[in-house]
Each structure stands twice: as structure tokens, then as C-alpha cells.
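Visitor: I am new to this structure and would like to learn how to read it. Please take me through it one feature at a time, with the general idea before the case.

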Amino acid sequence: QLVADRSLAGTPVAAVSLGGAMLGGIPEHEAHAILQLAAERGVRLVDTSSAYGDSERRIGAAAAPGLAVATKFGNPCALNGHTHDYSVAHAAASTFASVAALGGKRLALLQLHSPPERPSPLHDRALVECLNAFVRGGTIGAWGASVHSVAGGLLAVDAGARALQVGYNVLQQEHAPLLAVCAIRGVGVLVQSALAQGWLTDAG
């Protein structure tokens, strides 16, 4: 069992979470089996996105009690006409669509999905206020961003993000300074590509 020794927006989470990108593109019964096994083994958080096909709905429908969800918005998907969209209107529409798809599973974290740095959507105070309002109202536990640079991560933290998703593993360590800032400022971190997308496994 994985020890749940950390908390994300009040949700106990284990050291290992499940990436949900593949769940929308495999047979539904396989997706449900993966989610159920993960929950049985102690995983308490699955990370997905509105851009990952049917992933959110499959997570919501799976018999996997105790799973909380981190999802993302902004990348191309059916809801935004397959364009990048970080507007207030799309943030709200995507959030409500995610809540509905998740079928009662807790939306612990809503993230901007790879937002640009110039211009940054987080310079829009209306968007930040919208996200903060969702937190205050209990619709989401917290908001954050999936980022790909130290500068992008610092921008999100300065805007009020309570968690970052960032690539980091023994082969990819350029984001170490950002992880240090997060530790100092009490910002949660979801490590992306911890196994270098399979290169650090036996198969790789």
C-alpha cells in the first residue's frame, strides 16, 4: 500500500498518483480495471484533462472509491472547438463539464493546461478571480497549472497557484529551482514524467 502522507487541497494523497491521459483512448473496461486496481493499491489521485478524450467520464464511472481527481483546461478539446482557450468563459464551462463527467468524485485540483507565458492568461485578473471563486465555493479544492519552464511556474505561483505540475526525473532536472521555490512557498507539486515516459523502466 502507498502511504497517504501528503494532502492536496484537503484531500489525502499518496506518494504515487495515476496519469489519466491514456484512459480516454483504451477500451472502457480496461480503463475501469486500471482505476480500480490503482485504488486498491493505495493510489488516491488521478490526473487527467478535458483534452484527454473520454478520460474524465471513465474516471467518473469507475468503481474506484477514494480517488480524487486533478484535471486541466485550456488545451484543444471538443468543448472549446479544438483551440487553445484560457478565457473565463471556457474556464467556467470546462469546470462544470468536468464536475459533471466525474460523477461525484472530488475535483481536488483544476489546472491551466500548458498555458503560454507571453501573453499569460494569468495576467487576466478576472480569470484568477474566477478560479479563486470556484475554490471558495467548494467546486474545486485548489487551482494550479501544468507548466514547462521555471519562468512559467513562477508566474503561476505569483498569480496564486496552489499547485504546479512539472516535469522532473533523474534525466530531467532543469526544473529543480522551481521545486525548491514550491517547497519554500508551500505550493504542491505533481511530478510529471517521473519515469521519463517509460525510458526509466525495464521496457525503456
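Guide: Let us begin with contact, which means heavy atoms within 4.5 Å of each other. The model is a predicted one, in which local features need pLDDT of at least 70 and side-chain atom pairs count only at pLDDT 80 or more, whereas totals for chains, interfaces and linings use all residues. Residues are numbered from 1 along each chain as its sequence is written, and side-chain values use heavy atoms, with hydrogens and water left out.

Visitor: Which residues does Leu179 touch, not counting residues up to four places away in sequence?

Guide: Leu179 touches Val166, Tyr168 and Val189. Leu179 itself is found in helix H6, residues 176-185, where a helix is a DSSP run of H or I with at least four residues, a strand is a run of E with at least two, and both are numbered from the N terminus. The C-alpha atoms of Leu179 and Ala63, which are 116 residues apart along the chain, are separated by 34 Å.

Visitor: Which residues of H6 are buried, and which are exposed on the other side?

Guide: Buried means under 20% relative accessible area, exposed means over 50%, and partly exposed lies in between, with a 1.4 Å probe and protein chains only. In H6 the buried residues are Leu178, Leu179 and Cys182. They cover an arc of only 100° around the axis, which puts them on the same side of H6; the arc is that of the directions from the helix axis to the C-beta atoms. Ala183 and Ile184, on the other side of H6, are exposed. The cover over the buried residues of H6 includes E7, H5, E8 and E9, and after H6 comes Gly186, whose phi is positive, near 70°.

Visitor: Which residues point each way from E7, and how many bridges join E6 to E7?

Guide: In a regular strand the side chains alternate between the two faces of the sheet. From E7, Ala142, Gly144 and Ser146 point one way and Trp143, Ala145 and Val147 the other way, and all are buried. Five bridges join E6 to E7, which run parallel, and Trp143 in E7 is the bridge partner of Leu110. The chain passes from E6 through H4 to E7 in a right-handed β-α-β crossover; right-handed means that, with the strands pointing away from the viewer, the path from the first strand over the helix to the second runs clockwise. E7 also pairs with strand E8 (residues 163-167) in the parallel sense over four bridges, with Val147 standing opposite Val166 in E8, and E7, H5 and E8 make a right-handed β-α-β unit.

Visitor: Which residues cover the two faces of E5 as buried residues?

Guide: Ala68, Ala70 and Lys72 are buried on one side of E5, and Val69, Thr71 and Phe73 are buried on the other. E5 pairs with E6 in the parallel sense over five bridges, and the bridge partner of Lys72 in E6 is Gln111.

How values were computed: Pairing = 2+ DSSP bridges.
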